[in-house]
Amino acid sequence: MSSVAHLPDTLPDTLPDTLPDTSLPDRTPDITPDITFVCCVESGWLETQTVRMVESLRRWGGAFADAPVVAVTPRFGPPLSGKTLRAFDRLGVEYLRFRAPNPYAWKSFLNKHYAMAAVEERCTTEFLGWLDSDLLILGEPDQLRLSDDEDFAACAPDKNIGTSGPDDPFEPYWREACKVAGLELSDLPWVVTEREGIKIRLYWNSGVFVYRRATGFSKVHLDTTLKLLDAHIASAKAGVYFTQHTLGMTMVKMGLRWRSLPHSHNYGMGTKTHAQWYDPEKLRQAKILHYHDAMWMPFWDTFLQCLNDTHPDVGTWLAAQGPLVNSAPPQWKLLSKGLNRLRQQKAAEYQKLCTVI
């Protein structure tokens, strides 16, 4: 992949080092899979999360630890701090910044689509993988390896806004969304969620997925998602949701050969579901932890204890980092706040034009 120039390192060093000990643990030599990982980063809290995620990959990713990582900022916003850019240099992260021609730039989840499509055009590895920034790699994610007869892999950890069939309140929206994507609802295969064990029509969580780059999946995924947004339909239950439901639709539309990732490769924790769903044995088996909002105060102590109980080496490392914070300089926080307010207004205007299903 061609190198991309970093922004000038002229900002105050206000973002704390997320790893005082810059040494990485010894790893048993192994053949690095031919994969490039992609993530998004923007000024503020996402900087801390992204650096922490990549650091965990480098430490505990096993054969994947040295895989190329590209962090992307595909829309207008404040620049990253100097410390973040130096952390990227230390961790071997390529930083790509551009302003995508995105008619729905207010929709933050579209950053993922534009980032993946851009890297798909630039990289040369056989596989591409997406990693949300709110992930921790706890062990070698060996299930991310695709075999010769596989093109795509993702996880269905829970039902969320998925549909379990004709009586499900989300079924009408999925039917209309499939029509926009050029599918019939019956085209979607059935999968069983990892958390509840419920059979639903195919609905992947988009926090972690891998695919064969030669398929051109990300370009089609972006086009499909834009087509859905152009259609101005919204769910009566979930509004204009995360756009991640197009992940499976695109995969099916393209006829890709797929495999479902186990819960260990997208195990979720969050403050709202912890009391009901936390399973220490599942966390102990996890290779990829999707922690959502669990690493912020005031949940930090609970989260850290869970890691100490199940992955003590990771818990020890995290204890030195502390909870997540937004350490962007005041002027960039102010700009981000203004941008968020403007984007919320644009989202509300879009919502008014939607047909609610």
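**Exercise 1.** In which strand is the place of Ser 206, and is Ser 206 buried or exposed?

*Solution.* The model is a predicted one.
Step 1: Ser 206 lies in strand S9, which covers residues 205–212.
Step 2: The relative accessible area of Ser 206 is 8%. Buried means under 20%, so Ser 206 is buried.
Step 3: Leaving aside residues up to four places away in sequence, Ser 206 touches Lys 112, Trp 130, Asp 132, Gln 244 and Leu 247.

**Exercise 2.** Find how strands S2 and S3 are joined, and state whether they run parallel or antiparallel.

*Solution.* 
Step 1: Strand S2 spans residues 69–73, and five bridges join S2 to S3. The two strands run parallel.
Step 2: Between S2 and S3 the chain passes through helix H2 (residues 82–91), making a right-handed β-α-β crossover.
Step 3: Strand S3 comprises residues 93–97 and is mostly covered, with four of its five residues buried.

**Exercise 3.** Give the strand order of the open sheet of three strands, and explain why one side of S5 and of S12 is left without a neighbour in the sheet.

*Solution.* 
Step 1: The order is S5-S13-S12, and the pairing is mixed.
Step 2: S5 (135–137) and S12 (267–268) stand at the edges; each has a single partner strand, so one side of each has no neighbour in the sheet.
Step 3: S12 pairs with S13 (residues 288–290) in the parallel sense over two bridges.
Step 4: To place this pairing in the structure, find Tyr 267, which stands opposite Leu 289 in S13.

Terms used
Residues are numbered from 1 along each chain as its sequence is written. This is a predicted model: local features need pLDDT of at least 70, side-chain atom pairs count only at pLDDT 80 or more; totals for chains, interfaces and linings use all residues. Side-chain values use heavy atoms; hydrogens and water are left out. Buried means under 20% relative accessible area, exposed over 50%, partly exposed in between (1.4 Å probe, protein chains only). Two strands pair if DSSP finds at least two bridges between them. A crossover is right-handed if, with the strands pointing away from the viewer, the path from the first strand over the helix to the second runs clockwise. Contact means heavy atoms within 4.5 Å.
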